[in-house]
Amino acid sequence: MFYRLLFRSVFQGMDPERAHHLGFGAIRAAAGVPGGSAALRSVFAAEDPGLRVKALGLEFPGPFGLAAGFDKNAVGIDALAALGFSFVEVGTVTGRPQPGNPAPRMFRLVRDRCLINRMGFNNDGADAVAARLARRAAALERNPGKFPPVILGVNIGKTKVVPEDEAVADYVYSAAKLAPYADYLTVNVSSPNTPGLRNLQAVEVLRPLLLAVREAADAAADRRVPLLVKIAPDLANEDVDAVADLAVEIGLDGIIATNTTVARHGLLTPESEVAAYGAGGLSGPVLRPRAIDVLTRLRGRVGPGMTIIGVGGITTAADAQEFLDAGATLLQGFTGFIYEGPLWARRVQHGLRLKELQK
Ligand SMILES: Cc1cc2nc3c(=O)[nH]c(=O)nc-3n(C[C@H](O)[C@H](O)[C@H](O)COP(=O)(O)O)c2cc1C
């Protein structure tokens with residue numbers, strides 16, 4: 001209730017990117033004061049042994065994580081974990097720092113509880129993010145009890161100015177820098193806001209890319225780093241199948257389905273308003289049917305063993321359960337956080353636990 005009021009009276013009237021910075025800043029500040037993280041955890045976190053999920057050779061405290069794009073620069077992992085996300089995927093991080101597209105580049109479709117964004121991978125770059133993660137790792141080693149349990153995913157993408165035929169080297173650079181700190185690594189080839197990026201989903205291009213990233217990541221981290229690929233909902237079904245077959249062929253650890261869509265169907269927001277926002281990826285509830293379709297298709301194709309992270313339009317525990325029923329191992333969300341506020345992760349995880357207990 002309180003967040004809905006705050007959203008309507010303050011955030012809704014504010015530029016969405018500014019609101020994001022303000023909200024994220026407040027979360028980090030609250031977690032940063034002495035005792036703050038523990039206090040947040042006691043109110044928001046959903047630590048319950050019954051929620052644990054074993055996947056990717058790791059034990060996740062729960063099935064629900066924060067999708068890539070919210071914490072692009074890895075500045076708030078533990079604050080976000082204190083809000084009840086069991087895993088946080090930072091990034092997308094690119095080989096070189098870049099400013100992203102000109103603002104405004106994020107838009108709210110309030111009636112649909114959706115977002116359109118064309119951020120364009122604004123981020124500090126692999127060197128700066130690696131240095132930040134190294135500082136966090138050192139602090140964690142000094143004082144492990146101070147940090148909430150959380151699995152860290154690192155999502156990497158292509159630097160905009162790097163030509164497509166040099167993409168592999170750019171990803172490899174990021175993989176080598178970041179893998180040592182990552183519990184798992186995601187190769188993002190599905191954002192609609194970097195020209196040409198989605199062409200990397202074609203299996204003949206994707207195969208050498210994933211193999212090179214795997215080699216670089218494992219060598220840099222001196223262990224096997226679970227490797228996932230994140231795909232677009234706009235792939236044709238036969239291309240989804242081709243990615244699934246490739247994943248099996250090369251022994252990929254998992255697939256994340258899906259990223260935002262370039263489609264604009266099924267919205268209540270007037271077409272003229274949607275058109276005025278321009279290009280970008282659409283996220284939120286309208287994405288859910290296609291994300292579930294892709295997930296169902298993938299699960300049918302890769303068999304029961306491979307980790308699939310379901311993402312796209314999860315708002316409630318019932319939505320989350322729908323993804324689990326369709327074969328997801330783990331779940332992520334982003335847009336729901338903007339509309340539902342800080343209690344969202346806890347609500348989804350508790351709702352899932354209740355459903356589990358009722359079975
Ligand atoms: C503002 C914004 C920025 C995003 N940035 C990234 C990104 O950098 N990398 C990525 O893989 N996905 C990114 N995404 C996609 C989300 O991770 C997620 O796949 C998508 O939004 C669908 O989930 P949702 O409906 O729960 O938001 C972004 C989404 C939004 C709304």
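Me: How many of the five residues of strand β12 (residues 307-311) are buried?
Reply: Happy to start here: this is a predicted model, where local features need pLDDT of at least 70, side-chain atom pairs count only at pLDDT 80 or more, and totals for chains, interfaces and linings use all residues. Residues are numbered from 1 along each chain as its sequence is written. Strands (E, at least two residues) and helices (H or I, at least four) are DSSP runs, numbered from the N terminus. Buried means that 20 or more other C-beta atoms, placed from the backbone, lie within 10 Å of a residue's own, and in the mostly covered β12 the count is five of five.

Me: Which residues of β12 point the other way from T307, I309 and V311?
Reply: In a regular strand the side chains alternate between the two faces of the sheet. Here T307, I309 and V311 share one direction, and opposite them, also buried, are I308 and G310.

Me: Which residue of β13 is the bridge partner of I309?
Reply: Strands pair if DSSP finds at least two bridges between them. β12 and β13 (residues 330-333) run parallel, joined by three bridges. Within β13, the partner of I309 is L330.

Me: Why does S191 count as buried, and how many other C-beta atoms lie within 10 Å?
Reply: The UniProt annotation "active site", from an unreviewed entry, covers S191; such annotations may be inferred rather than shown by experiment. S191 sits in the loop between β8 (184-188) and α7 (203-221). S191 is buried because the number of other C-beta atoms within 10 Å is 25.

Key: A residue is buried if 20 or more other C-beta atoms lie within 10 Å of its own, exposed if 12 or fewer, and partly exposed in between; C-beta atoms are placed from the backbone.
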